[in-house]
Amino acid sequence: MANKVDVFICGSGSAGFAAATWLARCGIRCKIVDSRPGPLEIGQADGLQCRTVEICESFGLVEDLLREGCHNVEVTFWNADERGGGIVRTRSAPATMPGLSHLPRVILSQAKFHGMMSEAMKRFNGQGVDYGYKVLDVKIDEKRAKDANAYPVTVSTEKDGKEEKFEAKYAMGCDGAHSTVRRSLGFNMTGDISDSIWGVMDVFPQTNFPDIRKQVILQSETGSSIIVPREGGSMARIYVELPSGTVAKDVKLEDLQATARQIFTPYKLDFAGVSWWSAYSIGQRLADHFSKADRVFLAGDACHTHSPKAGQGMNISLQDGYNIGWKLASILKGQTGPDILKTYNIEREKVADILVNWDKVWAKQLSSLSKDTGGAVTANGKFDFSEIWVKASAFTAGLTITYDDSPITRARESDQKLATNIVVGMRLQGAQVVRFCDAKPMQLVSALPSDGRWRIMVFAGDIRQDAASKKLNQLGEYLFSDSGPIKKYLPPGSDIDSFIEVVLILFGERLKVNQEQIPECFYPVTGQWRMRDLHKIYIDDESYHSGHGHAYDFYGINPEEGAIAIVRPDQYISLISHIENHASIDF
């Protein structure tokens, strides 16, 4: 007799953890399994880009992450010394360009990061990972898949020598580049594997190289290398380009260390200890399909692989899981229909395709000193990789993703000029505002935790002005009326903000605005104690200790016009509309 589960997740990598954490946050149990005997302990990825750190903030993990991780603030570029004699620093730059995110890039062991997500799942609803499960096969009954209440996916597993079968409404293949789920579905990976071989080692370096605690991109006559400083203050990850003709499976640790010493000449480089090392060939490959019958979905390395040196693997994988997790939760809670799952393919296939094609060029450029590769060159005709790196910083930080139009992303229906820096299809960027009820300065995006709710962000301007006050009152009457969107989608017996939350952002001098001037519907009665929730109202004004965020200016909003932004549960912008265009506010 097969066990029935709503969602079966094969693999507890970053994609699987992100999806499972979303489900747990929304109160939905899943079955997440991994073939390992226990949690990941060492090795694998370590760089959390800004967007990933923002996602961690939305799950309530960012304080632990910022405390435990190494903050990647600066990157330095070293090149062959034209005068001979080794290498010389040629440029220093911020690891992420200022103004792109309110949070930094963080370096932390994937094992520790997964431990934080595991703890979050337990905290949300007691969800855990079941280790020691080998997935043998995944099958879909496509006729039954048309029945929304059916369990059409059968997952065959083996644990402790015994076979177990599970029936699921939905399944995810987050089981890596050699995915059993992908093979079971008959999908293939297409793309290239290059002749370039790289090694990577987590080491405790003894060196006089001055930038060992910074991110370093090093291109010498001997080869290329990357340094990534690790958490704890002592360990560093060193990537090393190995000589042409190297076979990855034949590489020994001594080979990596000897090559690294040559690249770092004239600096001394010894190794007090080695925590982990590996060698690999660079490949960029995509699955020919990302889902089947809108019931089984691939995520992470199961559907896209690329070089690790731009720090994208763990991050893009996590964002795959983050993209689909809330959508599965909304279906299982009866909030949306199953058609929303088609947006996973629309959104994440494009992201993966852009990444793989970008990575082909990126990996080639990183390995090259020649101007023949294309791009910027130095005065001496050498390829200037630093310029490529700096220009790509927003992309590598995960902040340029733009989702195409779909039922949940409506750029064509939007009036983008009302909020020029709240771009439909992109994530909402943080800007400082002051919470009206207690004068606390906050990043506005931190008011949008990942809890499954949609948000209507109302930029009402200065309501001390009669025109702005009138428009806000009219909007409030519509939003909370029996025919408005709040009650239209409200689950029976639920708090008024349980599916759609309205967040109000005012403009002007906080101390000259009285709470009585704000319609009561914008601070509704909610929760166990039936108190008015005053934490939904913010103002763009000077704070006591953190200055002025100038949020309206930052977002490109004219306070006299105002704007409405509909924000998806994953903090991506669905629609921009005029505050008086009530008919456009629909879901």
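**Salt bridges and packing**

Tutor: D81 and R83 form a salt bridge, with their closest N and O atoms 3.1 Å apart. A salt bridge here is a side-chain nitrogen of Lys or Arg within 4 Å of a carboxyl oxygen of Asp or Glu. This is a predicted model: local features need pLDDT of at least 70, side-chain atom pairs count only at pLDDT 80 or more, and totals for chains, interfaces and linings use all residues. Residues are numbered from 1 along each chain as its sequence is written, and side-chain values use heavy atoms, with hydrogens and water left out.

Student: Is D81 buried or exposed? And R83?

Tutor: D81 is buried, at 16% relative accessibility. R83 is exposed, at 74% relative accessible area. Buried means under 20% relative accessible area, exposed over 50%, and partly exposed in between (1.4 Å probe, protein chains only).

Student: How many salt bridges are there by this rule?

Tutor: The count comes to 51. Some link up: D451, R453, R455, D497, E501, D533 and K536 are joined in a network of salt bridges.

Student: What about D320? Which residue does its side chain meet in a salt bridge?

Tutor: R348, at 2.7 Å from N to O. D320 lies in helix 7 (residues 313-332) and R348 in helix 8 (residues 342-366), so the pair ties together parts 28 residues apart in sequence. Helices are DSSP runs (H or I, at least four residues), numbered from the N terminus. D320 is buried at 0% relative accessibility, and R348 is buried at 1%.

Student: Where does K327 lie, and where E347?

Tutor: K327 and E347 meet in a salt bridge, 2.9 Å from N to O. K327 is in helix 7 and E347 in helix 8, so this pair ties together parts 20 residues apart in sequence. Both K327 and E347 are buried.

Student: At what angle do helix 7 and helix 8 pack?

Tutor: About 175 degrees, with the axes 10 Å apart. Axes are lines fitted to C-alpha atoms over the stretch in contact, and angles run from 0 to 180 degrees between N-to-C directions. The two helices are therefore roughly antiparallel, the term for angles over 145 degrees. Among the residues making the contact (heavy atoms within 4.5 Å) are I316 and I324 of helix 7 and V351 and L355 of helix 8.

Student: Switching topic. What domains does the assignment give?

Tutor: Domain 1 (3-69 + 108-190 + 284-349), domain 2 (191-283) and domain 3 (411-584). The bounds come from an automatic or database domain assignment.

Student: What separates the centres of domain 2 and domain 3?

Tutor: 49 Å, taken over C-alpha atoms.

How values were computed
Parallel < 35°, antiparallel > 145°, perpendicular 65-115°, else oblique.
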